[in-house]
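Q: Please zoom in on one spot in this model and walk me through its surroundings. I'd like the contacts and the ring packing, with cut-offs as you go.

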Amino acid sequence: MAKRIALVAGLAVLALINFGIYQREQLVRHGSLVLLKLSPVDPRSLMQGDYMRLSFEAADQAFPGAGRFGAPQPGSDGHLVVLRDGQGVGHFRRFADGRPLGPGEVALRYRIRAGEPQFATNAFFFEEGQADVYAKAAYGEFRVAEDGEMILTGLRDAKGARLGRSQALF
């Protein structure tokens with residue numbers, strides 16, 4: 001009997017893990033495309049080995065003065081609304097307040113971690129030796145679900161061209 005319970009529990013865990021993977025794959029394939037302009041980050045920590053620390057202009061506009069010890073309080077996660085321009089770049093419009101989204105508006109879920117607002121992630125990891133490729137990054141490319149959940153799918157340069165090997169994936 002104990003073996004059956006362990007087997008059923010193991011299968012349930014595998015099913016949940018695979019369902020989570022399936023949901024993220026669906027978001028990458030079918031989520032709305034939003035580009036968020038990167039904000040300058042302290043140059044000493046901008047490039048550290050094989051990852052890039054990210055900060056976004058929309059977050060800076062929504063939370064002026066935010067930082068490690070800035071204004072946002074832990075636990076104040078929520079949604080903000082950006083308006084996409086003709087190139088798909090999202091510009092902070094307002095905090096989500098229950099009003100329906102207007103044309104071109106997209107709700108993005110943010111989380112406050114260590115006093116800083118984050119969209120999905122605050123870092124982009126890449127292969128060693130690729131730092132020069134990603135040094136030109138100007139935009140984070142996100143896929144966004146209707147509920148505001150989002151996933152970072154790549155980085156783009158100032159002209160909107162995808163950077164790195166992720167170009168051929170989607």
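A: Let's start at Q118, which touches R109, Y110, R111 and R113, leaving aside residues up to four places away in sequence; contact here means heavy atoms within 4.5 Å. Keep in mind that this is a predicted model, where local features need pLDDT of at least 70 and side-chain atom pairs count only at pLDDT 80 or more, while totals for chains, interfaces and linings use all residues. Residues are numbered from 1 along each chain as its sequence is written, and side-chain values use heavy atoms, with hydrogens and water left out.

Q118 sits in strand β7, residues 116–118. (Helices, H or I of at least four residues, and strands, E of at least two, are DSSP runs numbered from the N terminus.) Q118 counts as buried because its relative accessibility is 17%; buried means under 20% relative accessible area, exposed over 50% and partly exposed in between, using a 1.4 Å probe and protein chains only.

Rings of Phe, Tyr and Trp (its six-membered ring) pair if their centres lie within 6.5 Å, and planes under 30 degrees apart are stacked, over 60 edge-to-face, the rest tilted. That rule gives seven aromatic pairs. Take F63 and F95: they're edge-to-face, 5.4 Å centre to centre with 70° between the planes. This pair spans 32 residues, from F63 in the loop between α3 and β4 to F95 in strand β5. F63 is buried at 14%, whereas F95 is partly exposed at 32%. F63 also pairs with Y110, edge-to-face again, so described because the centres are 5.1 Å apart and the planes at 70°. Here the partners are 47 residues apart, with Y110 in strand β6, and both are buried.

Now follow F95's strand. β5 (residues 90–95) runs antiparallel to β4, joined by five bridges; strands pair if DSSP finds at least two bridges between them. V81 has R94 in β5 as its bridge partner. The hairpin of β4 and β5 has five residues between the strands, and there G88 takes a positive phi near 85°.

What about the chain around this spot? Its elements come to four helices and ten strands. Of its 170 residues, 37% count as buried. Among contacts between residues at least 6 apart in sequence, 59% join residues at least 24 apart.
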